Amino acid sequence: MKTYSPDPATQQAFVSEVTRYMFSINRVVIASGMMVAALLLITLWQTSPPQRVLGWFVVIELAYLGRALLTLRYWKARHKNATHWLFWLRTSIVLSGLLWGSVSSLLFPAHDVLRQSALIFLSAGIAASATSFYAIDTRLLFSFLIPLLLPLTSRLLLEGAPQSLMLGGMLLTFLAYLMLSSRRSAGGITENIHLRLEATKREAIVREQKEFLNAILETEPECVSVTASNGDILLINQVGLSMLEVDSADEAQQFGLVSFVLPEYREAFLALNRRARAGHAGSLEFALRGKNGTLRWLETHATPLHFGKNHSSLLAVTRDISSQKCYQKELERQAHIDYLTGLNNRGYFTQQAEQELARALRYGSSLSILLLDIDFFKGINDNHGHKTGDLALKKLAEVSLQTLRDMDIIGRIGGEEFAILLPETDAAEALGVAERLRLAVAAINIPLEGNAPLQFTVSIGLATLSFLPPGNVNLDAFLSLADCALYQAKNAGRNCVIAACCEA
């Protein structure tokens, strides 16, 4: 049999478990003891003095009622000191054994073999029941059995009659058998309790570790998810559920993770999952739309996760990078946009113009360009201040956007100089656009404090792709041709449109 050397905490838990067990069986023990006492009262009523029999019966019934009260107080107690309660329970049990043993001295039916047999039968039944109930505590059991059976055995042996000697010998043998068998039972019960306590302790450790892991997952500010090899969601924390805008992993599973990913990123998302399950970690930036329609940019890092035997899954840590993406797009926009007018700056206009020129050459489509300059802009700054000059630039940008098509490309390429690219537009059409724009600018009125509203005009130079010679088709030549036309418009008195007709 296994020998246990428990630590103090385990020993205390063992005592508590024993105490709980013994109090839990007390109801059965009390009920059966009171019934046996009643049977013994009936059996000995005619052979023993009635007052003595009744007095014994009242005392033992009171003893059982006291133990019942002790049991009731134990179960009602919030903080149970197991050692304290076990001491009083043992005391009440030993007292019951002494009271049962007193029958041999006070109520023994001398020379009445039939009633002696009945007394032995009842006493043996009590002893057998006590052995099954109290085998876990051998010292307590012996403290109950010896006062219960030894006086009765001695009285039978001292009576001297053959039948009494035989009954006494049988009872003594029965007592020895109970004491020996109880030791074997006590070892088995003790081992079972220790095993149960050890299992409970391990379950508590596992539960604590699980709670600790859950606390980490729920405290983690990023999404942590684990998916099985077939794509089933095994685990996802609250941050991940919030990203998907669902209430539970089961709800997310109903939709499927990939369904939340925008279509243009799904193939890359699935490819990352396949690589991770093949044993290769990887990362991906992608856009996701939650159940309620919220669009988020996410960055995920996926890595293979192996646990158990033949179990492979995927661990992903995902963070929301929407704010970074917005900041990045704003930086890109600021890098492309003129801060004052909100139009394309020179660099971004040039980039777009190169692309449009390449497209026109590839498909043989028309393409025209306008260069315009505010007339006498220096005079506006000198006479009305740079703030008014800035208002003129902003107003020019606003009117231009209202006049042009969405497909047209406009940019501020100098202080008061602007360029406009007109895709799918030949010279005649471009001339009409330029003239409408010139008239719209001339109609601008900028209110001035104490003075008449400010009005200004623009000079416009126009060039068309077809004007360039075949051997010199590039953006610089295109811009130079339009610049020549602009120079001619200024020399022609300004506030007019001049179209180039040959290479500058």
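The protein chain holds 18 helices and 12 strands in this predicted model. Its radius of gyration is 51 Å, whereas a compact globule of 504 residues would have one near 23 Å. Along the principal axes, the C-alpha atoms occupy a box of roughly 155 × 60 × 35 Å.

**Burial and surface**
- Buried residues make up 43% of the 504 in the protein chain.

**Contacts along the sequence**
- Taking contacts between residues at least 6 apart in sequence, 63% are between residues at least 24 apart.

**Nonpolar cores**
- In soluble globular proteins, nonpolar side chains tend to be buried together.
- The largest nonpolar core of this model comprises 54 residues.
- Met22, Leu40, Trp56, Trp100, Tyr134 and Phe144 have the most contacts inside that core.
- At least two residues of this core come from each of the helices α1 (8–24), α2 (26–44), α3 (50–76), α4 (82–101), α6 (113–134), α7 (138–159) and α8 (162–219).
- Another core, of 31 residues, lies apart from the largest one and includes Phe377, Ala434, Ile444 and Val497.

**Surroundings of Met22**
- Beyond its neighbours within four places in sequence, Met22 is in contact with Leu86, Leu89, Ile93, Tyr134, Ile136 and Leu140.
- One of these partners, Tyr134, is also listed with Met22 among the residues with the most contacts inside the largest core.

Terms used:
Residues numbered from 1 in each chain as written. Predicted model: local features only at pLDDT ≥ 70, side-chain atom pairs only at ≥ 80, totals over all residues. Heavy atoms only, no water. Helix = DSSP H or I, 4+ residues; strand = E, 2+ residues; numbered from the N terminus. Rg over C-alpha atoms; globule rule 2.2 N^0.38 Å. Buried < 20%, exposed > 50% of the residue type's maximum accessible area, 1.4 Å probe, protein only. Contact = heavy atoms within 4.5 Å. Core = buried A, V, L, I, M, F, W, Y, C linked by side-chain atoms within 4.5 Å.
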